[in-house]
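Open the model in your viewer and keep the selection tool at hand. We will walk from one side chain to its surroundings.

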Amino acid sequence: MTIEIPLHWNKTKTKQTSLSMNNYRNWHYQTSNKIKHDVSNYLLQFEFPKYDKVHINYTLVFKDKVKRDIMNFVAVVDKFFLDHLVNAGSLVDDNYLYVRSYTINPVIIGDENKIIIEVINDSKR
């Protein structure tokens, strides 16, 4: 299953923030909880099946060619995304027994800042 998640979210009614470790580490816990809740609500539109074990591919898409530390984005998105899968009952846990491997693909230049997540059922391993 492949989905897309925007990298920018409303921090307050008038301010946006990006899902990056540089921002995450400075957020107040209420801001962090709000954004995590907003991301989880966004993910409710997708019907994830129940997975035994998964492999996850991440691909970042940016509107510009600014050099970025991609793990700053992947770390936060991964945390929020896997927590949603566990809370939704699609994955038993997000430890290494169930999330078997990751691939972080090269950055793509596109029309909006987003992350493409592909969840691959990896039950055969």
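Start by selecting S32, which touches Y24, W27 and F80, leaving aside residues up to four places away in sequence; contact here means heavy atoms within 4.5 Å. You are looking at a predicted model, where local features need pLDDT of at least 70 and side-chain atom pairs count only at pLDDT 80 or more, while totals for chains, interfaces and linings use all residues. Residues are numbered from 1 along each chain as its sequence is written, and side-chain values use heavy atoms, with hydrogens and water left out.

Is S32 buried or exposed? S32 is buried, because its relative accessible area is 12%, and buried means under 20%, exposed over 50% and partly exposed in between, with a 1.4 Å probe and protein chains only.

Next, select helix α2, where S32 sits. Helices are DSSP runs of H or I with at least four residues, strands are E runs of at least two, and both are numbered from the N terminus.

To see the contact, pick S32, I35, K36, V39, S40 and L43 of α2, then F80, F81, D83 and H84 of α3.

Finally, select L19. Not counting residues up to four places away in sequence, L19 touches I5, P6, L7, W9, W27, I35, V39, N72, F73, V76, V77 and F80.
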